[in-house]
Amino acid sequence: MPVDPVGAGGAFEALSDPNRRTIVELLRDGPRSVGELADDMPISRPAVSRHLRLLREAGLVTEEPLGTRNVYRLHDEGVDALQAYLIDVWGDAAARFRIVATNTTNRSKRARKP
Amino acid sequence: MIEPLELIFEIDCPPDHAFGVWTERFDQWWPRGHSVSGDPVEIVLEPRAGGRIYERTADGTEIDWGEVTVWQPPERLAYLWHIRRDRADATDVELTFSEAGDGTTRLRILHSGWERLGAGADEWRNANRGGWNGLLPHFTSFLDSKET
């Protein structure tokens, strides 16, 4: 179930934190475990785990078993949800704007020439 | 540097009218669902450089969405845009209204500053480019059908 990217717990909120942005950046190079992420960051493993939980809830990362450990990877659907949101907002806004702009002009023309 | 999103289309009215509708009637056409409260009683774009863009909710709370950075009617308008995000994560929206002949306007919307949204921004941006191209023909046919 995709999460609304701009709502509470969504992708934009998840990425508002610099540590979580660092995690996403590290995961762009491939899947990693909590320990491997913590090695490259100035925060503790439990802190990394907390950030990963928020990223997972926002739909940006997924967790999966690899051998005896769990690794995290970037989740394409989270990226898709952000894309869909942007298209939706601008698409909707531009269409509505154009209708109002066009119709208000036409109305004033009709008023002049009844 | 992450390339901005660009959207260009023509409107059947002169630039000064298009600029006026975008700003003075922002409340009338901006999709209400794309807000913080989901159902604001008013959406305001203050018509000047430094002007606030905000929504007012039923209980009178004002929630900032952005800030006007360029106010040059009827050609140029730009604002910071951080709806439902911290101001520090604001992206940039820039609009150019130009004369396109026969009393029509060519509107160019440039949405940039994605790098401020973090490491994933590049991927969203690139993925989104295909989305825009696919979207425009759909737009045009939708709008044409409304106009005739």
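Guide: Happy to. Let's begin with one strand pair: E5(B) and E6(B) run antiparallel to each other and are joined over six bridges. To find your place in that pair, look for B:Arg76, which stands opposite B:Thr96 in E6(B). Please keep in mind throughout that this is a predicted model.

Now widen the view. The two strands belong to an open sheet of seven strands in chain B, with antiparallel pairing and the order E1-E7-E6-E5-E4-E3-E2. Its edges are strand E1 (5-11) and E2 of chain B, each of which pairs on one side only. On average, neighbouring strands of the sheet are turned by 20° against each other, direction ignored. As background, strands of a sheet pair through backbone hydrogen bonds, either parallel or antiparallel.

A helix packs on this sheet too. H1(B) touches E1, E2, E5, E6 and strand E7 (105-112) of chain B, and its direction makes about 150° with that of E6(B).

That brings us to the largest nonpolar core, which has 23 residues. From chain B, helix H1 (15-24) and strands E2 (42-45), E3 (52-56), E5 (76-81) and E6 (91-99) each give two or more residues to this core, and so does helix H5 (76-112) of chain A. The members that touch the most others are A:Phe97, A:Ala101, B:Ala18, B:Trp22 and B:Leu95. A second, separate core holds 14 residues, including A:Val24, A:Leu27, A:Leu60 and A:Val61. In soluble globular proteins, nonpolar side chains tend to be buried together.

From there, let's turn to chain A. Its secondary structure comes to five helices and two strands, following the pattern α-α-α-α-β-β-α along the sequence. Of the 114 residues in chain A, 32% are buried. Among chain A contacts between residues at least 6 apart in sequence, 48% join residues at least 24 apart.

In helix H2 (residues 18-27), the buried residues are A:Arg20, A:Ile23, A:Val24 and A:Leu27. Seen down the axis of H2(A), these buried residues fall within an arc of 100°, so they line one face of the helix.

Key. Residues numbered from 1 in each chain as written. Chains lettered and ligands numbered in written order. Predicted model: local features only at pLDDT ≥ 70, side-chain atom pairs only at ≥ 80, totals over all residues. Core = buried A, V, L, I, M, F, W, Y, C linked by C-beta atoms within 7 Å. Buried ≥ 20, exposed ≤ 12 C-beta atoms within 10 Å, placed from the backbone. Helix = DSSP H or I, 4+ residues; strand = E, 2+ residues; numbered from the N terminus. Contact = placed C-beta atoms within 7 Å. Arc of directions from axis to C-beta. Pairing = 2+ DSSP bridges. Axes fitted to C-alpha atoms, helices over the stretch in contact; angles between N-to-C directions.
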